Amino acid sequence: MVNQGIFSSNEIGELEFSRPPRAKSRKHHVPCEVRFLESVDDLVEPENYMKFVQFSLTYITKEEIPDENNIFKPQFGGHQTLKQRENSYYARNQTLHCGFVKGPEGFPSTGFDLHEKDKEYMATCKVVVSSCIFGSSDFLRRPTKSKIHTYSKKNVCLVMFLDELTLAKLSSEGQIPDDNGYIGLWRIIVVKNLPYADMRKTGKIPKFLSHRLFQSARYSIWIDSKMRLQADPLLILEYFLWRKRSEYAISNHYDRHCVWEEVLQNKRLNKYNHSAIDEQFRFYQSDGLMKFNESDPSSPLPSCLCHFHVLVEQILSFPLSSCDRFCHYCVFADVPEGSFIVRAHTPMSNLFSCLWFNEVNQFTSRDQLSFAYTFLKLRRMNPGKSFFLNMFKDCERRAIAKLFHHRTEDSHPPPAS
């Protein structure tokens with residue numbers, strides 16, 4: 001386990017937070033045009049598309065009790081040392097922590113238990129759209145059938161992970177899986193023995209670790225349960241990955257650009273324990289994360305990034321002032337809106353997903369706080385090995401997935417779509 005108390009405030013300096021900004025008038029965010037192909041007919045993966053950086057990843061699946069530790073509790077994320085954590089950031093052949101770690105024989109399961117028939121189904125998936133609802137926090141929002149072509153309905157796995165509490169709640173509202181385990185287009189998979197008391201942290205398992213859950217899949221799309229999919233999955237792959245020659249796609253945040261802003265907002269809205277946020281942020285600062293200084297654009301880990309033409313190797317190739325002069329091309333890549341992620345299951349994409357999950361496992365469930373640190377550290381430690389990230393506009397996300405509020409006690413189920 002990473003020793004979170006290893007750095008004292010004297011060594012790294014106290015966090016300097018300005019007073020939280022006053023509430024602003026609510027902005028109105030609207031979708032923008034996404035130029036999808038008209039049909040999936042004759043859609044073919046581009047030749048040589050998957051020839052990104054190549055290396056082999058294997059995963060720690062079992063841990064034994066350390067000789068010096070008489071009190072040992074198995075954990076889903078394992079017990080990662082600082083040395084293991086540092087080495088895991090190298091893009092090379094390696095075995096690393098990436099969830100699903102079991103304890104020695106005789107110890108109970110560390111969680112996220114699935115039925116064998118569901119594992120067999122998941123092993124057949126080549127392209128996956130997945131989501132989850134844990135703790136009955138959302139309604140089940142069915143994809144818009146008219147937007148998804150018949151070919152995709154037959155060849156894309158659409159999987160909704162639920163816990164037993166959520167399934168019972170949905171069933172009481174008349175949403176009951178059919179004999180094949182489907183509610184609409186969603187294949188329902190029930191997860192037993194949730195690994196974390198924090199339902200948000202449990203939700204990061206299917207969000208980040210689709211390559212672990214769907215081991216034969218080449219592509220996956222993650223959509224938060226607060227959203228309804230309104231576009232064909234294969235057209236999404238073509239637009240966000242193939243056309244851009246990217247291996248990982250996520251939208252920028254609709255309002256905030258810097259981690260510093262995100263930290264302040266999380267604390268202002270009491271999204272998580274303030275001390276835990278401070279501890280995580282101090283750790284990242286101690287490892288080099290610095291706030292962007294416009295007078296020093298060569299800073300090794302600036303907080304605010306300029307992303308030009310969406311290709312990662314172009315990040316930081318010019319100062320922010322240059323980005324401002326080309327603002328119609330710029331996407332700020334520091335804070336994502338992480339509710340919609342499109343991935344090719346390449347080695348670098350899988351490594352980044354494991355690293356990001358490990359940060360959430362170790363620190364807070366607020367994954368927007370760890371995105372920039374994880375990406376920048378991966379990039380810094382692997383010069384010459386590109387990770388092709390497409391950070392697209394938030395308005396495009398809004399065009400392909402309709403956003404709803406989370407479930408409340410007085411809310412009513414949405415109609416089937």
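The legends below describe close-up views of a predicted model.

**View 1. Helix α12 packs against helix α13 in the predicted model.**
Helix α12 covers residues 347-362 and helix α13 covers residues 371-380. Their axes come within 10 Å and cross at roughly 135 degrees. The two helices are therefore oblique to each other, since angles over 145 degrees would be needed for roughly antiparallel. The crossing in which α12 passes α13 is right-handed. On the α12 side the contact is made by M348, L351, F352, L355, W356 and E359. On the α13 side the contact residues are F371, Y373, T374, F375 and L378. By class, the residues of this contact of α12 with α13 are nine nonpolar, one polar and one charged.

**View 2. Helix α12 also meets helix α6.**
The axes of α6 and α12 come within 10 Å, and the crossing angle is roughly 175 degrees. Because angles over 145 degrees count as roughly antiparallel, α6 and α12 are therefore roughly antiparallel to each other. From α6, the residues in contact are K201, K204, I205 and F208. Their partners in α12 are S353, W356, F357, V360 and N361. The contact of α6 with α12 divides into five nonpolar, two polar and two charged residues.

**View 3. Helix α9 packs against helix α10.**
Helix α9 is formed by residues 259-268 and helix α10 by residues 274-286. The angle between them is about 165 degrees, and their axes are 10 Å apart. That angle makes α9 roughly antiparallel to α10. The crossing of α9 and α10 is left-handed. V259, W260, V263, N266 and K267 are the contact residues of α9. They meet H274, I277, D278, F281 and Q285 of α10. In this contact of α9 with α10, five residues are nonpolar, three are polar and two are charged.

**View 4. The second largest cavity has β7 residues in its lining.**
The model has three cavities of 30 Å³ or more. The second largest cavity has a volume of about 40 Å³. Its lining consists of S130, P206, K207, S210, S220, I221, W222, I341 and R343. At least two lining residues come from each of α6 (199-208), β7 (219-223) and β12 (336-344). The largest share, three residues, is supplied by β7. Four residues of the lining of this second largest cavity are nonpolar, three are polar and two are charged.

**View 5**
The volume of the second largest pocket is about 480 Å³. Helices α3 (116-122) and α7 (210-213) each give at least two residues to the lining. By class, the lining of the second largest pocket has seven nonpolar, five polar and four charged residues.

Technical notes:
Residues are numbered from 1 along each chain as its sequence is written. This is a predicted model: local features need pLDDT of at least 70, side-chain atom pairs count only at pLDDT 80 or more; totals for chains, interfaces and linings use all residues. Side-chain values use heavy atoms; hydrogens and water are left out. On a 1 Å grid over the protein atoms alone, a cavity is a set of points where a 1.4 Å probe fits but cannot get out, and a pocket is an open set with protein on both sides within 12 Å along at least five of seven lines; lining residues have an atom within 4 Å of a point. Grid points are joined across faces, edges and corners, and a volume is the space filled by probe spheres set on the points. Helices (H or I, at least four residues) and strands (E, at least two) are DSSP runs, numbered from the N terminus. Ala, Val, Leu, Ile, Met, Phe, Trp, Tyr, Cys and Pro count as nonpolar, Asp, Glu, Lys and Arg as charged, and the others, Gly among them, as polar. Axes are lines fitted to C-alpha atoms, for helices over the stretch in contact, and angles run from 0 to 180 degrees between N-to-C directions. Angles under 35 degrees count as roughly parallel, over 145 as roughly antiparallel, 65 to 115 as roughly perpendicular and the rest as oblique. A crossing is left-handed if the near helix is turned anticlockwise from the far one by less than a right angle, and right-handed if clockwise. Contact means heavy atoms within 4.5 Å.
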